[in-house]
Amino acid sequence: MNIAELLFKPGHSIAWDYFSSFPLITDSLGEIHDFILSIPKAGYMEVSEGVWVASDVSIAPSACIQPPCIIGKGTEIRHSAFIRGNAIIGENAVIGNSVEVKNAIISDCAEVPHFNYVGDSILGYKAHMGAGSITSNFRSDKKEVVLHLPDGEVLTKRKKVGAFIGDRAEIGCNAVLNPGTVIGHDSVVYPLSSVRGYIPPCMICKNQNLIVERIIH
């Protein structure tokens with residue numbers, strides 16, 4: 001199963017060709033640093049060493065951005081955002097108040113607006129994380145993260161893997177996406193949920209044991 005093709009449509013991230021080229025999408029997490037350095041920087045300003053932003057990006061004075069990082073046009077980095085490096089943030093995205101991002105790809109128009117943690121993860125086009133929702137990226141037993149997909153379990157050979165959130169997916173407030181969670185495009189996760197494994201596209205996850213079809217009109 002090619003997770004990238006299942007969750008994301010091309011054309012909404014400068015990293016699409018990069019992360020979709022890996023047979024196992026988790027392998028792309030280990031090379032984000034080098035990929036950022038390889039991206040042509042025409043149209044970007046290097047505002048500090050290793051941090052490139054488009055000319056109309058809005059960055060609050062209180063935000064902290066560590067290298068390497070590249071941020072697309074029209075994006076807003078709000079008060080006290082903490083970008084810990086190895087971050088690719090697309091166009092017209094929002095990284096909001098007290099949000100922490102590290103080793104992650106945020107696609108165009110994605111919103112991570114309030115008190116979120118996004119680590120070792122990929123967010124799709126117009127994906128939205130409600131206030132306080134997080135991607136947990138490290139198992140409490142410190143073992144390798146395993147993806148639980150429809151065609152079987154996949155060993156990632158990585159101890160840090162967050163979540164892969166498909167295009168237009170909605171994650172409710174204070175939800176926790178456990179390590180290796182995969183959320184299909186256009187799916188919804190209820191607030192206060194603890195989610196693990198695989199949620200198919202166009203579903204509503206009310207809790208781990210109650211997942212119903214989402215009717216999109």
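Q: What makes a set of grid points a cavity, and what makes a residue part of the lining?
A: In a cavity, a 1.4 Å probe fits but cannot get out, and lining residues have an atom within 4 Å of a point. By that rule, the second largest cavity of this predicted model is lined by Phe8, Lys9, Gly11, His12, Ser13, Trp16, Phe19, Ser107, Tyr125 and Asp167. Its volume is about 40 Å³.

Q: How many cavities of 30 Å³ or more does the structure hold?
A: Two. The largest has a volume of about 50 Å³, and the residues lining this one include Ile14, Tyr44, Gly72, Glu91 and Asp108.

Q: How do the linings divide by class?
A: For the largest cavity, five residues are nonpolar, two polar and two charged.

Q: Why do β1 and β2 count as paired strands?
A: Pairing takes at least two bridges, and β1 (residues 44-48) and β2 (residues 51-54) have four, in the antiparallel sense.

Q: Why is the contact between Arg84 and Glu100 called a salt bridge?
A: The cut-off is 4 Å from a Lys or Arg side-chain nitrogen to an Asp or Glu carboxyl oxygen. Here the closest N and O atoms are 2.7 Å apart, so the pair qualifies. Arg84 is in the loop between β7 and β8, while Glu100 is in strand β10, 16 residues apart.

Q: Buried, exposed or partly exposed: what are Arg84 and Glu100?
A: Buried stops at under 20% and exposed starts at over 50%. With 35% relative accessibility, Arg84 is therefore partly exposed, and Glu100, at 24%, is partly exposed too.

Q: What makes Lys102 and Asp120 a salt bridge?
A: Their closest N and O atoms are 2.8 Å apart, which is within the 4 Å limit. Lys102 is in β10 and Asp120 in β12, so the pair ties together parts 18 residues apart in sequence. Both Lys102 and Asp120 are buried.

Q: What about Arg168 and Asp186: which of them is buried, and why?
A: Their side chains meet in a salt bridge at 2.7 Å, N to O. Asp186 has 11% relative accessibility, so it counts as buried, whereas Arg168, at 33%, counts as partly exposed.

Key:
Residues are numbered from 1 along each chain as its sequence is written. This is a predicted model: local features need pLDDT of at least 70, side-chain atom pairs count only at pLDDT 80 or more; totals for chains, interfaces and linings use all residues. Side-chain values use heavy atoms; hydrogens and water are left out. On a 1 Å grid over the protein atoms alone, a cavity is a set of points where a 1.4 Å probe fits but cannot get out, and a pocket is an open set with protein on both sides within 12 Å along at least five of seven lines; lining residues have an atom within 4 Å of a point. Grid points are joined across faces, edges and corners, and a volume is the space filled by probe spheres set on the points. Ala, Val, Leu, Ile, Met, Phe, Trp, Tyr, Cys and Pro count as nonpolar, Asp, Glu, Lys and Arg as charged, and the others, Gly among them, as polar. Helices (H or I, at least four residues) and strands (E, at least two) are DSSP runs, numbered from the N terminus. Buried means under 20% relative accessible area, exposed over 50%, partly exposed in between (1.4 Å probe, protein chains only).
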